[in-house]
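Welcome! Look over the sequence and the structure below, then try each exercise before you read its solution.

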Amino acid sequence: MGPGSDGLWSIGELAEHAGTTVKTVRFYSDSGLLPERARSAGGHRRYAPDALDRLRLIRSLRGLGLPVPEVRRVVDERAGAQGVLEDAVAGQLRTLGTRLSALRWQEAALHLVHACPPEERADRLRLVGSLGTPPSTAPLAGFWRAWLPPRMPAASRRAFLEAAVPQPPDMPDPAQVLAFARLCALVSRPCDGTAAPTQPAAHRAAGARESALLYAGLAEAYELAARQMRTGAGPADGEALDCFVATYARVAGCRDTDGFRRLLAVQLTADPRLDGYWALVAELITAPGGAPEPTPGTAHDWLLAALDGQLAS
């Protein structure tokens with residue numbers, strides 16, 4: 001069926017050509033997505049034949065889940081339309097990715113609650129129910145910001161937070177959901193002000209320049225140690241330990257001597273421990289069934305054990 005004598009289609013004719021309903025065409029018209037060309041003497045809508053391609057495009061975009069404002073941007077754009085379409089599709093992919101991640105976390109959390117013994121279910125429900133979906137890392141980042149030296153340069157602070165704050169996996173298993181929930185609970189515990197300092201001595205004494213040197217050097221040493229740990233190697237003397245000790249020596253303004261290493265070992269042994277945090281991080285970032293993935297905390301322990309072993313030999 002072609003257009004009428006005026007070269008235009010009625011709303012029913014346009015709907016028939018598009019394989020949709022009059023109600024759908026009317027909705028898009030009322031939304032401003034599909035302007036009519038004219039009205040008949042009886043007040044009925046009339047559409048130009050090119051409205052068919054526009055209607056098909058609108059239906060395709062809506063079928064992909066794009067919201068009406070984004071559809072309007074795409075169909076109304078004349079110059080650079082491809083870029084507008086790419087931006088709209090990319091935005092929708094990001095939105096769907098967030099939704100899917102949230103659903104995966106909800107599913108894993110439900111499996112976690114469902115599988116636990118009945119007497120533990122209420123406590124576990126409260127623990128995982130406090131998480132958002134997908135969960136936020138803000139509590140972990142806030143904990144570390146308060147823990148780091150106050151004069152630490154912003155770039156060094158960001159680099160440390162990237163290493164210390166684990167990102168929730170997109171497809172978690174129930175054990176990873178539990179580990180993340182316990183991490184958030186751990187860093188959210190109230191402090192009564194009577195506990196011993198939680199910062200290592202070198203951190204408390206470091207100024208802006210020293211803290212930047214300290215964390216950059218430790219990050220390098222931890223990565224060198226992690227490479228050894230992934231091979232199953234035990235704590236040992238070598239490049240990782242030398243980098244570790246040299247970092248502390250530079251910050252302290254000392255030379256790397258046997259005497260300095262002995263003093264450093266005593267200081268590091270006396271420093272407060274955050275082993276519980278790093279154990280949970282390892283559970284979170286390790287692939288199900290895989291060997292434990294090294295963390296800055298476990299790398300630090302490996303290096304301290306290597307230092308103790310060297311001094312004992």
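**Exercise 1.** What span should the 14 residues of helix α9 have at 1.5 Å a residue, and how far apart are its end C-alpha atoms?

*Solution.* A word on the source: this is a predicted model, where local features need pLDDT of at least 70, side-chain atom pairs count only at pLDDT 80 or more, and totals for chains, interfaces and linings use all residues. Residues are numbered from 1 along each chain as its sequence is written, and side-chain values use heavy atoms, leaving out hydrogens and water.

Step 1: find the helix, remembering that helices (H or I, at least four residues) are DSSP runs numbered from the N terminus. Helix α9 covers residues 174-187.
Step 2: apply the rule, which is 1.5 Å times one less than the number of residues.

**Exercise 2.** Is S101 buried or exposed?

*Solution.* Step 1: locate S101, which lies in helix α5.
Step 1: recall the classes: buried is under 20% relative accessible area, exposed is over 50%, and partly exposed is in between (1.4 Å probe, protein chains only).
Step 2: S101 has 8% relative accessibility, so this residue counts as buried.
Step 3: compare another residue of α5 (residues 81-115), Q106. With a relative accessible area of 37%, Q106 is partly exposed.
Step 4: look for partners of S101. Not counting residues up to four places away in sequence, S101 touches P134 and D170 (contact means heavy atoms within 4.5 Å).

**Exercise 3.** How are helices α11 and α12 oriented to each other?

*Solution.* Step 1: take the angle between the N-to-C directions of the axes, lines fitted to C-alpha atoms over the stretch in contact, on a scale from 0 to 180 degrees. For α11 (residues 208-230) and α12 (residues 239-252), the angle is about 170 degrees, and the axes are 8 Å apart.
Step 1: angles over 145 degrees count as roughly antiparallel, so α11 and α12 are roughly antiparallel to each other.
Step 2: see who touches whom. Among the contact residues are L213, L214 and L218 of α11, and C243, F244 and T247 of α12.

**Exercise 4.** Which residues have the most contacts inside the largest nonpolar core?

*Solution.* Step 1: a nonpolar core is a set of buried Ala, Val, Leu, Ile, Met, Phe, Trp, Tyr and Cys residues joined through side-chain atoms within 4.5 Å.
Step 1: the largest one has 56 residues, and W144 and F244 have the most contacts inside it.
Step 2: leaving aside neighbours within four places in sequence, W144 is in contact with residues including F160, L161 and W278.

Methods: Helices (H or I, at least four residues) and strands (E, at least two) are DSSP runs, numbered from the N terminus. Angles under 35 degrees count as roughly parallel, over 145 as roughly antiparallel, 65 to 115 as roughly perpendicular and the rest as oblique.
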